[in-house]
Amino acid sequence: MAMFELKVVLAHHQDDPMEVLAQGLKKSGLEVAVCTSGFDALDEIINSGCNILVLADHLPDISGFQLSCLLKSTSITHPLPVVLVSSGNEPNDNFWKRASMADSVLKRKQIEQNEADSVKLIKRLAEGTSNSAITPDRIDNQPVISGHFAGSDLIKSYGELLNGLLAERLVRHFTRNLASATHDRAEFTTLFFDMVSRLFMPDVSAIIVNP
C-alpha cells in the first residue's frame, strides 16, 4: 500500500472540522487523509486504502453512522476499524451507535477534553490492522463499494450506491433460490445457469463436479 506505515481516513463536516484531532494523529506518526464528506471518504478508501476510518456522525451527504454500517456489512471491509465521533444531539443516535457496528464511539466533548487519549485509542486500533488494512486491490470489483463516489456529485454517488445494493440483493435472491433447490439437481442446474446468464452474459458456462 502506497502510504505511511499507518493511514487514517478522517471525515468531518467542513462547517464543524476536527482539525485538533487530525493534527494530533499526524503528530503521533499517522498519515491522515482528511475528507469533508462521507462519499469522499469512501472514494479515498476505494482508491488509496487505509488502516482505520474516523467519522463524524453528521456529514453533508451520508451520515457517519450509515457509512460505518455500510462498511461493516460488507465482507471485505468488515474488519476495517471504524471510530465514530458523536455529537450526541440526535434522539436516534443510540440506535445507530449499535447498528453502525463501529469499533469505538467517542463523544465530541470527550475528544476536546482529552485529545491525547483519543489519539492513543485510534492509533492502537490502527496498529492492530496488519491483516485487515484495506487496499485498492482488495476492493476492486466488489459489490456496493467499488463505484466512483464524490461528495460534490450526490446524485451520481447515491446512484452508484443504490446500484451496488440492488446488485447485492439480486445475488442474494438467486443464492437463496439455489440453496432451496439443492435437493433437485435439475432445478438447481436450471437456476444456476439462469443466474449466470442474467448477471454475467458469458460466452460459455459450466458446472465442474469434483469427484
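The chain comprises nine helices and five strands, both assigned as DSSP runs numbered from the N terminus, with helices (H or I) of at least four residues and strands (E) of at least two. From the N terminus, these elements follow the order β-α-β-α-β-α-β-α-β-α-α-α-α-α. The model is predicted, so that local features need pLDDT of at least 70 and side-chain atom pairs count only at pLDDT 80 or more, whereas totals for chains, interfaces and linings use all residues. Residues are numbered from 1 along each chain as its sequence is written, and side-chain values use heavy atoms, with hydrogens and water left out.

Of the 211 residues in the chain, 41% are buried, that is, under 20% relative accessible area, with exposed meaning over 50% and partly exposed in between (1.4 Å probe, protein chains only). Among contacts (heavy atoms within 4.5 Å) with a separation of 6 or more, 63% join residues 24 or more positions apart.

The buried residues of H8 are Ser 157, Leu 161, Gly 164, Phe 174 and Leu 178.

Zero disulfides were found in the whole structure, a disulfide being a pair of cysteine sulfur atoms within 2.5 Å. The cysteine sulfur closest to that of Cys 35 belongs to Cys 50 and, at 9.5 Å, is too far away for a bond. Cys 35 counts as buried because its relative accessibility is 7%, whereas Cys 69, at 23%, counts as partly exposed.
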